[in-house]
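Student: Could you take me through the salt bridges in this model, with a close look at where the partners sit and how covered they are?

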Amino acid sequence: MFGCCRCPEEICGVDVDDAFAYQTTKFVRIRDRRLGLAYYTALFGVFAYIGVYTLAYQLAYLEFQPTMGTTRLKLQQPVVDSCDVDSNECVDNFPATTDLKYCCREVGCEAVPSKGAGACNCSFRPEYLNFHCGFYDGDVVGIPQSSGIFAATRMRVQSEQLNTTCVGPSATQCSKLWRVASNATSFVAGIEHFTLLLDHAVQLPDASFSAQGRFLYGLLHIPGSGPLERALCAMPGAVDHYDEGRPTVTAPCYIEPSHPPNSNLDFFSLSTLLAAAGVDLDNESYAGSGHSARYEGLTMLIDIHYYNAVPWRGVLREPAYYYEVTAMRQNPWGQHKVLWDPHSTNRTVIAMHGVMIRANLGGTIGRFVFNNLLLQLAASLALLAGATTGVNCVAQYMMRYRAYYHAALVDKTADFSEVATLEAQSTEELREECRRRSLATGGNRVELISRLIADDHVDHADTVAGSARSDASFFRGTGPGRPEALPIHGRTLT
């Protein structure tokens, strides 16, 4: 088939076989179970670290980027059957104040005028003050903030009148600019029953990635194991992990958000979020405060973790997310709002305390990067080389038969000190020397000298000379006198 195309024997005076010679590493197979087990143990360690831990678990072949995007939160009062609050047919579902232990009641409570209108002491809740409870909707007690929303739990409405002696050209001094006409404090009835809407979206321009939470699968993490958390995890649908978790009825767990009819938006009752953070509004706000968390308020953080890759599974077909809720009890939150009366010099100050809810987008999105994979493969090769070197060092310097292992692993070349002597000889003399030693006589000077060096030129010459002397002694005797007689088959040969 290739008869018409013949490869030349030489290229530019160089033999083709030499020009395209293949150089490779020579392997020595040492039949010793201890060295073999040590080597394969090291190989298994490298595979476990790079293949299992680094690539399969840490997903080091991916490049992860932090998410960025927007969030929207809205508070809504409890309604019947998740109806539309803007509809006249929608009915609110506030709990009765007689069922709320923090509200003042006609029976079992006594007013405390010194604490302001609406305050009372109740026998069924003696550790903290109770207040009159008022009904408010989500637009009043849910005040949007930057990346969050404020949910009021206590409101103080104070009517103030302007001291007219403090205004005008004739006013030179002022002892009290605003005089308090009246004030009343109340708790927001059933604030735990209010629902919080969470809508969010992320985008990564560098990774050409964008997603909206309303179209993805999300869960709420319940990390604690207290009574509030156990009650949530006992609900149907709880799982033990955010990615393909198994059903569970014990805390900690992950639960699904609620969705209103014909909507994919996430809804949580405020009681669920507080329980996820391990907060009971009727417990002490923080050590030494002397008031309940309902009275003082607190800060709550909702971290939204986006992900599209998980250990052992790699990149998922669709991204997902989960919520992490934490509470900062020692950071009470309150804010004031002033309502001016356009027809008089009066104003109304509304002081509110409650739960400041901050939503933070977090998590990372991974994408495959070949350079990352290449780095891991290079690291594996380096570790493999290190494993080989380590086993070789153990074999040559630490094992019992290290001298034998060293001899098997290391090839010692001939002494090159005679190169100068051989270089001084002519090519014919070198060929004659090779012929005398029964070596190949072809090739150039370098090849001839290399053969002689490999044949141990100096030692061989000494050996030949020694052999000649021994032969002469055999035939001529070993002493200066008469040769010794050699017995052969019972006869003496002289």
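Tutor: Happy to! A salt bridge here is a side-chain nitrogen of Lys or Arg within 4 Å of a carboxyl oxygen of Asp or Glu. This is a predicted model, in which local features need pLDDT of at least 70 and side-chain atom pairs count only at pLDDT 80 or more, while totals for chains, interfaces and linings use all residues. Residues are numbered from 1 along each chain as its sequence is written, and side-chain values use heavy atoms, leaving out hydrogens and water.

Let's start with Asp455 and Arg437, whose closest N and O atoms lie 3.0 Å apart in a salt bridge. This pair links distant parts of the chain, 18 residues apart: Asp455 is in the loop between helix H11 (445-454) and helix H12 (457-476), and Arg437 is in the loop between H10 and H11. Helices (H or I, at least four residues) and strands (E, at least two) are DSSP runs, numbered from the N terminus. Arg437 is buried, at 8% relative accessible area, whereas Asp455 is partly exposed at 26%. The cut-offs are under 20% for buried, over 50% for exposed and in between for partly exposed (1.4 Å probe, protein chains only).

Within helix H10 (residues 427-436), Arg435 and Glu432 sit 3 residues apart, about one turn of the helix. Their salt bridge has its closest N and O atoms 2.7 Å apart. Arg435 is partly exposed at 46%, and Glu432 is partly exposed at 44%.

Elsewhere, Arg125, Glu192, Asp282 and Arg294 are linked in a network of salt bridges. The count comes to 17 salt bridges.
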